[in-house]
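Notes follow in the order I checked them.

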Amino acid sequence: MPSLAESPFQHESFEAQARHLACVLALPAMEQVGITSSARITEPVGPGLNNLFLLRVDGIEHLGCRVPGANGELDSRLTPDMLLGTLLEARWDEQGWHCQYQPLTDSQCSALFQQALTSSSHRIHFPFPELDSQCREQIAPPCFWDAPQDLAKRLDRQEQHFRDTTIALLSGRLRPGAIIHDPACSTGTFIATLARALPNSQCMGADRSAAMIDHATACHHLPNLSFEIADAQVPVMPKGSCDVLILRFLNAEMMTRACALALFEQLTGLIRPGGMALVFGQSSVLLDVGQQARRLGLQVASSLAGVPGSLQLFQFYQLICPKPLPEQIPS
Ligand SMILES: C[S@@+](CC[C@H](N)C(=O)[O-])C[C@H]1O[C@@H](n2cnc3c(N)ncnc32)[C@H](O)[C@@H]1O
């Protein structure tokens, strides 16, 4: 095995990233911003790129940088103090991502975070996956998920806001017997919490890790909850049969962006007309979800959610599969 220093720079991945940036960036005309001052940063090719995010509000991109919390861990919940400024220019080359931005005051950052929740077109996107210094996407190997007892506490603690937001969204909204499917259910805590809160639904968790499914089956017993070992690439239900599809694994470090794109397209085919997909995750979502959803004919009902009583925001997409128009009755 060559050492990192000797291994060649991954030009294919570099070019794929350049194409992604060209698709996702909406840079404003300078006069739209009314520049009073500007600053620059360069983030070298490497893992730090995955901390940069773009908050798009009213078509204007604001650059931010996620930093670890007091516990040293990165969190999916972002705060206004992470915003650097309004993005003016960006250039991607083999040295990294070079950005010019107009700095924002604290009150402007807070105002943007508040405004962010007012439209489904406002969104947070992480333009880079987890990359190493050779521009290779970094993926946790499948065996990483084979120690559920060690992971459970941390994973479950990091997901409380996802559980609360999902229950608040779904309560009182589902038809009796509605199928909720979590195709990468991990410890099972998320889908089990939904099963308990929504007793008239049928909740199905699957995961390709047998250790995770053993753990989930041992920990969660509810009449409306089942688990099975399955790779999400092999769907466990017919197309068009799922009321709520939970996608919380199309994320950095879980898989490559190309894999996430393919799985998104395949799995959203499971949703029945009128049903929905929810897309989020502890690590950053790899796709420009809004763009991909529209391509597949899904409506974006929301892109972000907030933690009540705070200004914290996180990626949380609610995508609706439209019902076909009723056939016209001949007169
Ligand atoms: C739910 S995801 C991420 C959980 C983490 N708390 C987060 O949000 O970043 C982790 C789970 O996805 C599972 N997984 C990854 N790829 C999968 C696939 N293709 N099919 C089924 N499960 C998969 C892993 O085995 C693991 O248990």
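This is a predicted model: local features need pLDDT of at least 70, side-chain atom pairs count only at pLDDT 80 or more; totals for chains, interfaces and linings use all residues.

Next I checked Ala232. Here a backbone N or O atom is 2.8 Å from a ligand nitrogen atom. Then I looked up Glu159, where a polar side-chain atom lies 2.7 Å from a nitrogen atom of the ligand.

I asked how much of the ligand the protein buries. Alone, the ligand exposes 600 Å², and the protein buries 98% of that. I also listed the surroundings. There are 19 residues around the ligand, and Glu159, Ala184, Asp207, Ala232 and Gln282 come nearest.

I moved on to the helices. I found α4 at residues 148–158 and α5 at residues 160–170. They pack at an angle of about 45 degrees, and their axes are 4 Å apart. So α4 is oblique to α5.

Which residues make the contact? From α4 I noted Asp156, Arg157 and Gln158. From α5 I noted Gln160, His161, Phe162 and Arg163. I sorted the contact by class: 1 nonpolar, 3 polar and 3 charged residues.

Notes. Residues are numbered from 1 along each chain as its sequence is written. Side-chain values use heavy atoms; hydrogens and water are left out. Axes are lines fitted to C-alpha atoms, for helices over the stretch in contact, and angles run from 0 to 180 degrees between N-to-C directions. Helices (H or I, at least four residues) and strands (E, at least two) are DSSP runs, numbered from the N terminus. Angles under 35 degrees count as roughly parallel, over 145 as roughly antiparallel, 65 to 115 as roughly perpendicular and the rest as oblique. Contact means heavy atoms within 4.5 Å. Ala, Val, Leu, Ile, Met, Phe, Trp, Tyr, Cys and Pro count as nonpolar, Asp, Glu, Lys and Arg as charged, and the others, Gly among them, as polar. A residue is near a molecule or strand if one of its heavy atoms lies within 4 Å of it. A polar contact is a pair of N or O atoms within 3.5 Å; within protein, one must be able to donate a hydrogen and the other to accept it, and residues adjacent in sequence count only if both atoms are side-chain atoms. Accessible areas come from the Shrake-Rupley method with a 1.4 Å probe; for residues, only the protein chains shown count as cover.
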